[in-house]
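Open the model in your viewer and keep the selection panel at hand. The tour has two stops.

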Amino acid sequence: MEKVFNGEQVIQEFEAMTRDAKRIQIKTLNKILKDNWEAEYLRKWGTFDGTMDPKTYSSCVPLVTHKDIEPYVQKIADGASFPVLTVGTPITAFALSSGTTQGKRKYLPYNDILTETAMHVFQASFAFRNREFPLENGGKALNFIYGGKHFTTKGGLLAATACTNIFHSKQFKKTMKAIQTPACSPDEVIFGPEFHQSLYCHLLCGLIFREEIQVVSSTFAHSIVHSFRTFETVWEELCSDIRTGVLSARITVPSVRTAMAKILKPDPELADEIHNKCLGLTNWYGLIPEIFPNTKYIYGIMTGSMAPYLEKLRHYAGGVPLQSGDYGASEGWIGVNVNPELPPEMTTFVVLPNIGYFEFIPLGQIHDPDSGSVLVEPESVVGLTDVKVGEEYEVVITSFAGLYRYRLGDVVKVTGFHNSTPKLQFICRRNVMLTVNVDKNTEKDLQLSVEAAAKLLTAEKLEVVDFTSHVDLVSEPGHYVIFWEVNGEVSNDLLKECCNCLDKSFVDAGYVTSRTSKAIGPLELRVLSRGTFQKILDHYVQQGSVVNQHKTPRCVSAANQSVLKILCSNVVKSCLSTAFD
Ligand code: AMP
């Protein structure tokens, strides 16, 4: 018999676990080492029989980045006949990261424990959410998720995004049902081979089941915003499909057509109702509650690089609460949002001490002048329960899926403790950095500058659809290039104002002095043609990424030539700052 979900019990277990974080972390580390000490990687570092306290562990096993473990990952991908990274739970697949930071997708070891952990996180976060915003039985979720592509490695292992691995698992559907958010779309739509068609059908299913939709969601907020921007362009076609009961000819995948034919029946009354509601909206404000009147909340990751989409999401949401999702990566899950009542800007993540062993590198460690990388003092690295409130750290993860002291590259701030485990606020990716010489601007700094400059557009009823940046070191002196896609025509004067505002809004002392002394050239603002970011999304999807995992790269390096080419070939206007003339 299927186990009934008991939210209060899940919360009680969560509380007990987080009260005992220190002991559980040691137990978790012991289990990981005991299960895997015979793997080639751990043997190399002399972890003996795996009985090791945290201090000895961190003195034996080095901190690593993905580059360091690539040869091991490659061996597994090629079909090594011996245990390379894990023994206890074999690596059965690879999770492909979205590849937004470096332009290159990372292969990360994946096994069944990561799926189990994901379910554990989904249930814990739902338990807290449901206590605040209870769902009614029998509802559905309009969940913009996509199966994405699979690859098979030389050794016969499947490689797909972490989301794809999860969506394909049996547990996923069961868990979604248990937590009252089964998707309104059939599997053929979720796993359809063409994401534009799947997105159209997700919207159509949402409309057909509009009264039953209680949650509108996706993994990342970008995908929700992207879906409703698409809705704005296809709503009449969707209404026509509902009116006639005939699916648009744009859907060409036979399995998707067959699945949709079972759901789509002629319903002129519903079509008229939706049509009238759409016509009655002003600039699509409050689209979600108007079309899906029983929506209790909108759910997805809204922090970090998703923050720039909040304004648009709020616009579509009208008064429907936004609930920011949890914190995880292809490498593994990290924390749960247990305060769903807070707005996304205040979301923090409570680290679960039993899903991995976590360490933290304090920020502000010395930069190696030769390589530009950060040198870490080994003794400065602290354990989960030893972090300090108010401090910023880089997250280091030791997982059940073969990562040992792996630097995740994310910067987080400790905002407090939940029982004895820290609450983390996501700050930014560590290596998304705009830098020409002594200046250092992070993803967050860029976001703040863009926010400040974009305010100037609102008087003209214009908005920045999406943005990214690049450091041009080819021209002398080097300078920042900011790319904007705007939803209308920007006059030259306004563009100049925005450009100067962007330049002035980077307040990092290194930047300001370098700009004043002309060691950094004038900031350049380039406006892109409409649809450029869609082309970038298509590019990533073509490479095997999935829309719901997509994160627009906020800084495109020279190494990411394919994206840089898309950007540079779609510039319609540009302007140089005179803010420091
Ligand atoms: P991927 O490996 O492609 O799934 O991307 C994982 C990365 O997404 C993490 O390392 C973070 O940088 C980012 N991320 C995941 N969850 C969150 C979150 N809740 N808030 C902000 N950023 C997140």
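This is a predicted model: local features need pLDDT of at least 70, side-chain atom pairs count only at pLDDT 80 or more; totals for chains, interfaces and linings use all residues.

Is Ser-449 buried or exposed? Ser-449 counts as buried, because its relative accessibility is 0% and buried means under 20%. The residue belongs to helix H16, which spans residues 443-454.

Now show what surrounds Ser-449. Beyond neighbours within four places in sequence, Ser-449 is in contact with Leu-502, Ser-505 and Phe-506. Zoom in on Ser-505: its backbone oxygen sits 3.4 Å from a polar atom of the Ser-449 side chain.

Next, jump to Ile-11. The C-alpha atoms of Ser-449 and Ile-11 are 40 Å apart, and 438 residues separate the two in sequence.

Select helix H1, residues 7-19. H1 has 13 residues, and the distance from its first C-alpha to its last is 18 Å, close to the 18 Å expected at 1.5 Å a residue. Look at its start: a side-chain oxygen of Asn-6 comes to within 3.2 Å of the backbone nitrogen of Glu-8.

Colour the buried residues of H1: Gly-7, Val-10, Ile-11, Phe-14, Glu-15, Met-17 and Thr-18. Why do they lie on the same side of H1? They cover an arc of only 165° around the axis, so they share one side. An α-helix has 3.6 residues a turn, so residues three or four places apart point the same way.

Turn to the other side of H1, where Gln-12 and Arg-19 are exposed.

Last, display the partners of the buried residues of H1. They pack against helices H2 (21-36) and H6 (112-132). They also pack against strands S10 (332-336), S11 (349-351), S15 (406-418) and S16 (421-429).

Definitions and conventions
Residues are numbered from 1 along each chain as its sequence is written. Side-chain values use heavy atoms; hydrogens and water are left out. Helices (H or I, at least four residues) and strands (E, at least two) are DSSP runs, numbered from the N terminus. Buried means under 20% relative accessible area, exposed over 50%, partly exposed in between (1.4 Å probe, protein chains only). Contact means heavy atoms within 4.5 Å. A polar contact is a pair of N or O atoms within 3.5 Å; within protein, one must be able to donate a hydrogen and the other to accept it, and residues adjacent in sequence count only if both atoms are side-chain atoms. The expected span of a helix is 1.5 Å times one less than its number of residues. The arc is that of the directions from the helix axis to the C-beta atoms.
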